[in-house]
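Look at the sequence and the model first.

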Amino acid sequence: MKNRPLSFQIWMMFVGITMFISILFMALVPFTLRSFFTRQMYNTISESQDMYLSNGHLLEIKDLVKWDQQNQQFRSVKHLILLDNGQLITGLLTVPIQQNLADILTEARRQKSSEQQYSRQIENERIYYIIRKGQLDGNQAYLLSYMWESYQNDLVNTLFSRLMLIIATVLLLSWIPSFWIARYLSKPLIGMEEHVRRIADRDWYKPLEFDRNDEIGRLGKSIERMRERLVRQNEDQQSFLQYISHELKTPVMVIRSYAQAIADGIFPRGGLEGSIKVIDEEAERLEKRIKDLLYLTKLDYLFKLKPEFDIIYVSELVENVVELLLWQRTDLLWDIDTTGNSFRGDYEQWKIALENILDNQIRYAKSRITIKDTFMLINGEPVIQIRIGNDGPPIEPGLLDKLFLEFEKGYQGQFGLGLAIVNQIASHHKAKVWAENEINGVVFYIEVPEGSTIDQS
């Protein structure tokens, strides 16, 4: 079943449900009808008896024939008038009734009310009857009126057969539009399957459009979002390869050309020591590019792991990172003002983020780098803000908004992958990072919002 087309499965489910309801209906209706017709039989018997009575007394015998002629609607009801001694006054006493007459008279004599309903199994059929007490010519008499179950069965079977015919007709007529509905419901899914197949074959430039807001429409919109992300990812990948080839090509070319020149006895930088220094600088530059690329790729894997966040003390983090980077420029003055503020996060990731920011600061600072952390409330929410500034040249205004994007080059044409790593780490921790040009130089800000902060120690 599950391997058949979806439209067929939907149609079969509809057929199965309607068949189940129909079978349940056919199983319950006879019992319901039988109970209903039993009550109706007693009502019919009671109404028929009412015609025999006149002011609470049984009709005179001379009027019985006239009554039978005037009340043909009660022909299915049989009547017997019996005296208290068992004498039959009127009516046809059939053999089954005669065999049970003694028990019936016993019930009549014990009857306290003037009218009472009874039923009895006689041979293979049930009889429904009402015994009503009355007076006939001053004597105690009983009006016994009865109907056989066969009458009820005839009514039930007739009505049930007609209901069956109606149900069968309705089912057959409903299965035709239900098949059309099943095809209508499965048609957009078939279109989505075709579209997803094209996406799997990397043919993802044709959009998927669905003008509906139900579950199928939401599924279509999700597929369209996936397609758009794949397109962007493909474009980013192409850009990634172009930038990588460009950024790695230059240091490799310089290293090879200098190495070949030295092998030929030529020293492009005035001597062996100067030429080797250039090779070492380009190798260091190449190493950093490769390290950043590998870590950027590794971040996606690290983010999926969802590690347990540690308590990170800003002062400890800054101290450890600054200690590693001091040697790069010994002429710089470090102005560090950190307190006991802390937040929750991945220590190694924030260490890499701070290293990349400070690497940028060291590259452009003239004489000073300042680091300060502050605890503040923004819109009533606690935030830890880390301010990292240098007294270097301002960032080009058009570059400020794109500074943390991948492969963006800053002033002096430096490769922007390190700051892209900072941005991803901040986003992973629901933090914000940005840069501003201020009076005394460039300042980088990091804000860790509610959810990552903890109480101050």
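D280, E281, E284 and E287 form a negatively charged patch on the surface. This is a predicted model, in which local features need pLDDT of at least 70, side-chain atom pairs count only at pLDDT 80 or more, and totals for chains, interfaces and linings use all residues. Residues are numbered from 1 along each chain as its sequence is written, and side-chain values use heavy atoms, with hydrogens and water left out.

**Charged patches**

- Patch members have over 30% relative accessible area and no salt bridge; like charges are joined within 9 Å, and nonpolar side chains (Val, Leu, Ile, Met, Phe, Trp, Tyr) within 5 Å.
- A salt bridge puts a side-chain nitrogen of Lys or Arg within 4 Å of a carboxyl oxygen of Asp or Glu.
- Lys and Arg count as positive, Asp and Glu as negative; His and the chain ends are not counted.
- Each charge is placed at NZ of Lys, CZ of Arg, CG of Asp or CD of Glu.
- Helices (H or I, at least four residues) and strands (E, at least two) are DSSP runs, numbered from the N terminus.
- E281 is partly exposed, at 40% relative accessible area. Buried means under 20%, exposed over 50%, and partly exposed in between (1.4 Å probe, protein chains only).
- A positively charged surface patch gathers K221, R225, R229 and R232.
- R229 sits in helix α6 (residues 215-263). R229 counts as exposed because its relative accessible area is 55%.

**Nonpolar patch**

- I17, F20, I21, L24 and L28 make a nonpolar surface patch of about 510 Å². Areas come from the Shrake-Rupley method with a 1.4 Å probe; for residues, only the protein chains shown count as cover.
- L24 belongs to helix α1 (residues 6-50). L24 is partly exposed, with 42% relative accessibility.

**Strand β3 and its partners**

- Strand β3 (residues 78-83) is mostly covered, with 5 of its 6 residues buried.
- β3 pairs antiparallel with strand β7 (residues 139-148) over 6 bridges. Pairing requires at least two DSSP bridges between two strands.
- K78 has Y146 in β7 as its bridge partner.
- β3 also runs antiparallel to strand β4 (residues 88-90), joined by 2 bridges. There, I81 is bridged to T90.
- The β3-β4 hairpin has 4 residues between the strands, and G86 takes a positive phi near 95 degrees.

- P449 is in the segment after β14 (441-448). P449 is partly exposed, at 24% relative accessible area.
- P449 and I378 are 71 residues apart in sequence, with their C-alpha atoms 8.7 Å apart in space.
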